[in-house]
Amino acid sequence: MANVLVNAPKTAAKGETVEIKALILHPMETGFRTGTNGRIIPRNIIERFSATWNGAEIFRMDLSPAIAANPFVSFFATASESGTIALRWTGDEGFVAEHQVAITVT
Amino acid sequence: MTRLGVGASLVSVFAATLALAQTTTPTTAPLPPDDPRHSGYRDMGAELRRMQDDDTANPAMLFVQSGQALWQQKAGAAGKSCADCHQEVAQSMKGVAARYPALPPGADQPVDLEGRINLCRTERQKAPAFAPESPELLGLAAYVALQSRGQPIAPPDDPALAPFRSVGEAIYRDRQGQLNLSCSSCHDDNAGKRLAGAPIPQGHPTGYPIYRLEWQTLGSLKRRLRNCLVGMRAEGWDWDDPQYVALELYLMARARGMAMDAPAVRP
């Protein structure tokens, strides 16, 4: 189970710009470091982060090995309708994490 | 703005607590306004302070979440969880991190918070001890330390601790390593100045375990002390060396009355 912290407003006025902040526990191992046995530690990063609002994509980003461990992402969206914001992280070694927050737009 | 998220309201509550602590009026034992001591929090830039103040931006809170899950989880041959003995963490663990290291009943050696957690593991839960700096141990330590936020550091007045504390003070004051430095050379004589561009803090352990950006993870006070030993080109001690606990005892006495801000973010 992935460890995620999301900070998004629970309510917003229609047309308002809201900020959504997401933090996830992940080592973001670059694939360039060697372990104590001298061998390369295999790359293990989050490759993609995406967010949907009631199923429609509102934000997407590709992550690179240069991004530090436990990546923090902040982005903005315009509140149009009440519903669910779903966040999804996917990466190496079959990593998948999902988190949903509900928002009421008035 | 109508930002009413649970996270956001938690954050503002914490920000208020912290602001209170920083203006030298903590709840129980106020520091006099002319007290020259301050937490490393004040030596950080505004961005890092904001990162620490926001519980959804402070990466240490990810480890707190893991610690919270472990607190409830039964472990070992005894089949007990932390919660089975200690119940509600907010009451039972309030101020605990602010008074460790301490002497466990009947023991002849003091233990720090991580050591105490491992004692509970081996003696009460009959489970294997966590490895030093393991995410499980740090997570539990962070979860326990969080309950002391804003509490003044209050080392026990147990006279049996005094000899260990004076060993710690000797370690703090004695020069060691190829650079011939003592802890005191930096953290007393040159605190507030810069070492190769980085501000030298006063070295008060108010926020441990800390999320250190350089480590990209949570780390204990022991790890920080090892880091300092390496920096002064002294010989590092093994993780179970009692010198760490002695030094931690002295550092906590030196920071007596200062408000805890664990789990902190540091550069």
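A residue is buried if 20 or more other C-beta atoms lie within 10 Å of its own, exposed if 12 or fewer, and partly exposed in between, with C-beta atoms placed from the backbone. By that rule, buried residues make up 36% of the 267 residues in chain B. This is a predicted model, in which local features need pLDDT of at least 70 and side-chain atom pairs count only at pLDDT 80 or more, while totals for chains, interfaces and linings use all residues. Residues are numbered from 1 along each chain as its sequence is written, and chains are lettered from A and ligands numbered from 1 in the order in which they are written.

Q: What makes S2(A) a partner of S8(A)?
A: Two strands pair if DSSP finds at least two bridges between them. S2(A) and S8(A), residues 95–105, run parallel and are joined by 2 bridges, so by the definition they pair. A:Thr11 has A:Thr104 as its bridge partner there.

Q: Why are S2 and S5 of chain A at the edges?
A: The open sheet has the order S2-S8-S7-S4-S5, with mixed pairing. S2 (11–12) and S5 (56–62) each have a single partner strand, so one side of each is left without a neighbour in the sheet.

Q: What is the pairing sense of S3(A) and S6(A)?
A: S3(A), residues 17–24, and S6(A) pair in the antiparallel sense over 7 bridges. One of the bridge pairs is A:Thr17 with A:Thr78. Both strands belong to the open sheet S1-S3-S6 of chain A.

Q: Which residues of H3(B) are buried?
A: They are B:Ala60, B:Met61, B:Leu62, B:Phe63, B:Val64, B:Ser66, B:Gly67 and B:Leu70. Their packing partners include S1 and S3 of chain A and helix H7 (135–146) of chain B.

Q: What makes a set of residues a nonpolar core?
A: Its members are buried Ala, Val, Leu, Ile, Met, Phe, Trp, Tyr and Cys residues joined through C-beta atoms within 7 Å. The largest one here has 68 residues, and B:Ala60 and B:Ala97 are among those that touch the most other members. H7(B) gives the largest share, 9 residues.

Definitions and conventions:
Helices (H or I, at least four residues) and strands (E, at least two) are DSSP runs, numbered from the N terminus. Two residues are in contact if their C-beta atoms, placed from the backbone, lie within 7 Å.
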